[in-house]
Amino acid sequence: LYQEALHKQVTFLQLQNAELKQELAEYKHKYQALIAQKEHDAFNNYQVELLALFNAIEDVIIVLNAEGRYLKVAPSSAPSLYKPAVEMVGKTMHEVLPSVIADNFLDCVQQAIATKKTRKIEYSLFIDNREICFEASIAVMGEDTVVWVARDISERKQMENQLRKQTENLEQTIQELKRTQTQMLQSEKMSSLGQLVAGVAHEINNPVNFIHGNLTHVEQYSQDLLELIDLYQQYNLTQPEIQDLLHELDLEFIQTDLPKTLKSMKIGTQRIREIVLSLRTFSRMDEAEFKEVDIHEGIDSTLLILQHRLKEQVKRPGIEIIKYYGKLPLIECYAGQLNQVFMNLLTNAIDAMEEKNSTRTFEEIQANPNQIIIRTSVIDTNWIEIAIADNGIGMTDEVQKQMLNPFFTTKPIGSGTGMGMSISYQIITEKHSGKLNCFSTLNQGTEFLIQIPIRQ
Ligand SMILES: Nc1ncnc2c1ncn2[C@@H]1O[C@H](COP(=O)(O)OP(=O)(O)O)[C@@H](O)[C@H]1O
Ligand SMILES: [Mg+2]
């Protein structure tokens, strides 16, 4: 009986044990489910938050792998996508985009992964026939994935462009104003200078002609007088006073020197006449209208005016002028203004050679002399070309770029005005519808090419 009771008890306990075990298992299960649910909720919340964040950022957000395959595309991207997201996810960039762009993009993705650094790029895509500009950051996300965040900056770009255009316009206006000012200043200067030169030339012209004309007579008279003295000398030289005076005067010397003196005076006045003529040609008062002129005459008169700078000096031999003049027709132009251009180019050439001379000895210059080569030719039925080349100091690219700007000069204060080139350019291009080109090599020399129409 006791045993039976014990057995019952055991069975009961066993049963109870099994029940408890089951209950425990259930609790465990419930507990696990609960935790899972909680985790799930938390994750869900997290995802919802993330999604909200994504949507709030109105950017294109794309996850890509190292081979450029689209893994995920955030919904916020939709308005700025090259193709709808469904047509992108799972595909590679090369399957979606034009290959040149895809090449470039894949490069960026792979570089970001390789360097583990965020890359920034700007690019534009045609979406719905509209060019959209993007600014993108490509950041490493996993082992071999990146997140590509791109922002539409078309509006900003447009504004930038507008601003740039406005600035350009303003700069142009300023440039134009500057040029007008220079032109006004210069034309004022030139016209008063021209008038002065013309006036002086005119005033000198008369007395010089007077002297020059009379020199011929003086020559004749002195010749006659010398002959007369010769004759006297043969017959009537006994008086001691005459003897004394003859001795004092050194008659023999006078006899040989007087003709020489007169000859050099004649050369001198001839030269003054040439200079006066050049001054007149140079400052031609017919500036107001187009005239048919001989260009060579203009160049030659300018060279003559510059003679004092070309001739031999203590520190250097004379500057060689080599002319290759072609057969030119008369050219319809503003002669005075064109002469001014020749003057500007030639003085610049001389300046450039003097600058090069400053580091050379007389002998060195003599071995490699200063030369200005002037070529003229007809190049077309209605065009001529004038080339002025020097073997001076030359220009850097930087100087060449700025050379035409008013007031630009590389010369010391007081010696350069920086106006010569800008005025010359204007006279050639605007006043004569021509072209002015420059070829220069540093330390070798410079050549200016002027091209102007024969008829305007
Ligand atoms: N033939 C040349 N060789 C070298 N540099 C030159 C030559 N012509 C012009 N330049 C450069 O262009 C600049 C501007 O010339 P320009 O307008 O005549 O002004 P400026 O002669 O008063 O300096 C010069 O300062 C010089 O640097
Ligand atoms: Mg100059």
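Trainee: Which residue is the bridge partner of K120 in β4?

Mentor: S137. Keep in mind that this is a predicted model.

Trainee: How many bridges join β3 and β4, and in which sense do the strands pair?

Mentor: Nine bridges, antiparallel. Strand β4 covers residues 130-140.

Trainee: What is the strand order in the open sheet?

Mentor: The order is β2-β1-β5-β4-β3, five strands with antiparallel pairing. β2 (70-73) and β3 (119-127) each have a single partner strand because they stand at the edges, so one side of each is left without a neighbour in the sheet.

Trainee: What does the twist average from one strand to the next?

Mentor: It averages 30°.

Trainee: Which strands does helix α3 touch?

Mentor: α3 (residues 99-115) packs on the sheet and touches β1 (60-65), β3, β4 and β5 (145-152). The helix direction makes about 155° with that of β3.

Trainee: Switching to cores. Which residues touch the most other members in the largest nonpolar core?

Mentor: I295, F342, I372 and I450. That core has 39 residues. Several elements give two or more residues to it, among them α7 (295-305), β9 (371-380) and β12 (445-453).

Trainee: Which element gives the most?

Mentor: α9, with 10 residues.

Trainee: And what does I372 touch, leaving out residues up to four places away in sequence?

Mentor: Its contacts include L310, I319, I321, L346, I350, M353 and I388. E320 is also one of them.

Trainee: How many residues are in the second, separate core?

Mentor: 28, including L64, L81, I121 and I138.

Methods. Residues numbered from 1 in each chain as written. Chains lettered and ligands numbered in written order. Predicted model: local features only at pLDDT ≥ 70, side-chain atom pairs only at ≥ 80, totals over all residues. Heavy atoms only, no water. Pairing = 2+ DSSP bridges. Helix = DSSP H or I, 4+ residues; strand = E, 2+ residues; numbered from the N terminus. Axes fitted to C-alpha atoms, helices over the stretch in contact; angles between N-to-C directions. Contact = heavy atoms within 4.5 Å. Core = buried A, V, L, I, M, F, W, Y, C linked by side-chain atoms within 4.5 Å. Buried < 20%, exposed > 50% of the residue type's maximum accessible area, 1.4 Å probe, protein only.
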